[in-house]
Amino acid sequence: MNIVDLTWDFIGERFAPEIRKEEIFLKSGKTEYTGIVYTFTHDGMSGTYIDFPGHIAETDNGVTAENFPVSDLYRIKADVVRFHKKSGEGAVTAEDLQGKLPMTDGESKALIINALGEKNPKDIEERSVYLSDCAVEWIIKHKYKILVSDIYESQALHGVFLKLFAAGISTVCMPVNLYKLPETPLLLTVLFARMPAVTQLPCRVVAEF
């Protein structure tokens with residue numbers, strides 16, 4: 001079995017995460033030691049992160065990091081499609097996706113789109129490669145619950161996330177190492193802290209095949 005970590009470094013989109021360490025000395029009649037306690041300050045888009053539909057107020061369906069079903073996160077079947085798009089190359093279409101879809105039984109809960117080959121999202125002009133409207137409709141039609149992709153919206157902001165969230169699809173953004181995955185169905189696990197009311201937060205993403 002091969003395991004690939006698809007998680008980007010813990011870097012903030014808006015500001016650098018701050019991690020503060022505090023030492024607390026504990027002592028009793030039987031023992032003594034120093035506990036280490038951490039305090040974190042970061043935004044929801046630090047490193048690789050997951051968006052639930054409630055990340056957009058108009059598509060909030062009540063799903064949060066507290067109540068998202070574990071059965072839709074742990075070792076779920078995922079389809080993988082790959083391209084080698086260059087910076088500025090534009091839209092990935094439904095026809096592109098259909099042409100790359102591997103042999104599948106239609107039971108996959110997740111779709112992984114590696115549009116940039118060995119590049120990461122930060123290696124190209126921002127949003128210069130993106131999902132077209134028809135590509136989004138194709139993803140919705142195939143009833144995926146989670147989309148892991150190195151591309152999403154265009155510079156024109158034509159509503160990729162709005163449409164995906166309205167269909168109840170959660171998105172994993174800023175993944176890395178997608179090029180290491182085979183273009184065949186595999187198992188995907190998305191891990192994050194179980195937090196009430198939160199609809200966007202950093203996550204750990206692992207693929208196995």
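This report walks through some side-chain and packing features of a predicted model.

## About the model

The model is predicted, so local features need pLDDT of at least 70 and side-chain atom pairs count only at pLDDT 80 or more, while totals for chains, interfaces and linings use all residues. Residues are numbered from 1 along each chain as its sequence is written, and side-chain values use heavy atoms, leaving out hydrogens and water.

## Aromatic rings

A pair of aromatic rings is described by the distance of the centres and the angle of the planes. Here, rings of Phe, Tyr and Trp (its six-membered ring) pair if their centres lie within 6.5 Å; planes under 30 degrees apart are called stacked, over 60 edge-to-face, and the rest tilted. The count by this rule is 5 aromatic pairs. One of them is the stacked pair of Y38 and F40, with 6.4 Å from centre to centre and 25° between the planes. Y38 is partly exposed at 46% relative accessibility; buried means under 20% relative accessible area, exposed means over 50%, and partly exposed lies in between (1.4 Å probe, protein chains only).

F161 and F165 make a tilted pair, 5.8 Å centre to centre with 40° between the planes. Helices (H or I, at least four residues) and strands (E, at least two) are DSSP runs, numbered from the N terminus. F161 is buried, with a relative accessible area of 17%, and F165 is buried at 1%. Elsewhere, F52, F68 and F192 form one aromatic cluster.

K85 lies over the face of F83, at 5.9 Å from the ring centre; the rule asks for NZ of Lys or CZ of Arg within 6 Å of the ring centre and within 35 degrees of the ring normal.

## A buried arginine

Is R82 buried or exposed? R82, in strand 5 (residues 76-82), is buried, with a relative accessible area of 7%. Its side chain joins that of N114 through a polar contact of 2.7 Å, and the side chain of R82 also reaches the backbone oxygen of Y179 at 3.4 Å. A polar contact is a pair of N or O atoms within 3.5 Å; within protein, one must be able to donate a hydrogen and the other to accept it, and residues adjacent in sequence count only if both atoms are side-chain atoms.

Leaving aside neighbours within four places in sequence, R82 is in contact (heavy atoms within 4.5 Å) with residues including K100, L178 and E183.

## Loops that meet other parts of the chain

G88 is found in the loop between strand 5 and strand 6 (90-92) and is partly exposed at 48%. G88 and S128 are 40 residues apart in sequence, yet their C-alpha atoms are 4.5 Å apart in space. Not counting residues up to four places away in sequence, G88 touches S128 and V129.

L157 has its place in the loop between strand 9 (146-149) and helix 3, and is exposed at 60%. L157 and R127 are 30 residues apart in sequence and 9.1 Å apart from C-alpha to C-alpha.

## Nonpolar cores

A nonpolar core is a set of buried Ala, Val, Leu, Ile, Met, Phe, Trp, Tyr and Cys residues joined through side-chain atoms within 4.5 Å. The largest has 32 residues, of which L97, I113, L131, I139 and L147 touch the most other members. Helix 1 (94-100), strand 7 (110-114), strand 8 (129-131), helix 2 (133-141) and helix 3 each give two or more residues to this core. Another core, of 25 residues, lies apart from it and has V148, L181, L188 and L201 among its members.
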